[in-house]
Amino acid sequence: MARILTLTLNPALDLTLRLANLEPGAVNRSETMLTHAAGKGVNVAQVLADLGHQVTVGGFLGEDNPQAFEALIARRGFADAFIRVPGETRSNIKIAEQDGRVTDINAPGPMVSEQAQQALFDQLAWIAPGHDAVVVAGSLPRGVSPEWLQALLEHLKSLGLKVALDTSGEALRAGLKAGPWLIKPNTEELAEALDCPTDSVAQQAQAAQRLQLQGVQHVVVSHGADGVNWFSPSAALQATPPKVTVASTVGAGDSLLAGMLHGLLSFEAPEQTLRRATAIAAMAVTQIGFGISDDAQLARLESGVHVRTLTEQ
């Protein structure tokens, strides 16, 4: 299996509350409350570990409350490459309703100094070599600019790593300039980053061709319950997931990304790569938490994924 580095620049403690229905302005009582060490790259790392890969996790972690992350790292057997910074890692509140709707309240994260940013650069110079790929995922904490993110991606590419990027807004716009190996936006994120419509398959294909000229080999466009479109140099595929009962949509995109990396780095057939990745994402929405919890369930979901080429009528 592969060695993969995930970087979560703005991790979070996810506090997930489950309740029947959220009534704004009223007193709401939750049925359950769960706390997870999370953040997009951390979520990706857990799925990759379940798929058998060796994982190093890094980024910026608040030194005042690292316990949940350090416990997860120890339990999962990850290599710890986080730079500790003053303050607390942020907490994000996820309100999951019975019908599957999730309301997110995300905090901004700690202030990350230029010294800490340089420390991460320096650490990567000797940690990153030997890994097969790196995932840079999530939002930017305070103090970290989109331009710095672009420089980070260029640095990682210069170290010989395949770079997968999953972010949005100005961070995605800047990150695309570095020509990452793979990106995984949704339709809205892709349109915003490129300043062009991407609603139709034809528009997405044109956007993917434009990005491939900039060095982005794989453009994976997620559509939630409607599935995913994948544009690569050799093929354009679409996958539609089976219908499932939704517990929470948190982590579905991260699970999709982990599945795509698994298939690509294992040199599987494109159809199989997309089929399994879509099934892993479908499994993610049936649970609260991250990872592959039931291999038999995953196999059933995989058999229900429909994959076709985008040239089909």
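In the predicted model, the lining of the largest pocket comprises 16 nonpolar, 18 polar and 10 charged residues. This pocket has a volume of about 1,200 Å³. Of its 44 lining residues, Thr249, Val250, Gly251, Ala252 and Gly253 lie nearest the centre. Two or more lining residues are contributed by each of β2 (12-19), α1 (40-50), β6 (90-97), β7 (102-105), α8 (252-265) and α9 (270-284). The largest share, 4 residues, belongs to α8.

The largest cavity has a volume of about 50 Å³ and is lined by Asp14, Thr16, His36, Ser248, Val250, Gln287, Ile288, Gly289 and Phe290. These lining residues divide into 3 nonpolar, 5 polar and 1 charged. Val250, listed here among the lining residues of the largest cavity, is also one of the residues nearest the centre of the largest pocket. For the second largest cavity, the volume is about 30 Å³, and the lining consists of Leu9, Val136, Ala137, Gly138, Ser139, Leu140, Leu149, Leu165 and Thr167.

Helix α5 (residues 169-176) is mostly covered, as 6 of its 8 residues are buried. The buried residues are Gly169, Ala171, Leu172, Ala174, Gly175 and Leu176. Their cover includes α4 (146-158), β9 (162-166), β10 (182-183), α6 (187-194) and α7. Another residue of α5, Arg173, is partly exposed, with a relative accessible area of 25%. The side chain of Arg173 forms a salt bridge with that of Asp195 (2.9 Å, N to O). This pair links distant parts of the chain, with Asp195 placed in the loop between α6 and α7, 22 residues from Arg173. Asp195 is exposed, at a relative accessible area of 61%.

Within helix α6 lies Thr187, which counts as buried because its relative accessibility is 10%, under the 20% limit. The Thr187 side chain makes a polar contact with the side chain of His223 (3.1 Å). Beyond residues up to four places away in sequence, Thr187 touches Thr198, Asp199, Gln204, Val221, Ser222 and His223.

Side chains of opposite charge can pair when their charged atoms come close. In total, 11 salt bridges were counted. One of these joins the side chains of Asp166 and Lys40 (3.4 Å, N to O). The two residues belong to distant parts of the chain, Asp166 to strand β9 and Lys40 to helix α1, and are 126 residues apart. Asp166 is buried, with a relative accessible area of 3%, whereas Lys40 is partly exposed, with a value of 28%. Lys40 and Asp166 are also linked with Lys184 and Asp254 in a network of salt bridges. A further salt bridge connects the side chains of Asp80 and Arg84 (2.9 Å, N to O). Asp80 is partly exposed at a relative accessible area of 37%, and Arg84 is partly exposed at 29%.

Key: Residues are numbered from 1 along each chain as its sequence is written. This is a predicted model: local features need pLDDT of at least 70, side-chain atom pairs count only at pLDDT 80 or more; totals for chains, interfaces and linings use all residues. Side-chain values use heavy atoms; hydrogens and water are left out. On a 1 Å grid over the protein atoms alone, a cavity is a set of points where a 1.4 Å probe fits but cannot get out, and a pocket is an open set with protein on both sides within 12 Å along at least five of seven lines; lining residues have an atom within 4 Å of a point. Grid points are joined across faces, edges and corners, and a volume is the space filled by probe spheres set on the points. Ala, Val, Leu, Ile, Met, Phe, Trp, Tyr, Cys and Pro count as nonpolar, Asp, Glu, Lys and Arg as charged, and the others, Gly among them, as polar. Buried means under 20% relative accessible area, exposed over 50%, partly exposed in between (1.4 Å probe, protein chains only). Contact means heavy atoms within 4.5 Å. A polar contact is a pair of N or O atoms within 3.5 Å; within protein, one must be able to donate a hydrogen and the other to accept it, and residues adjacent in sequence count only if both atoms are side-chain atoms. A salt bridge is a side-chain nitrogen of Lys or Arg within 4 Å of a carboxyl oxygen of Asp or Glu.
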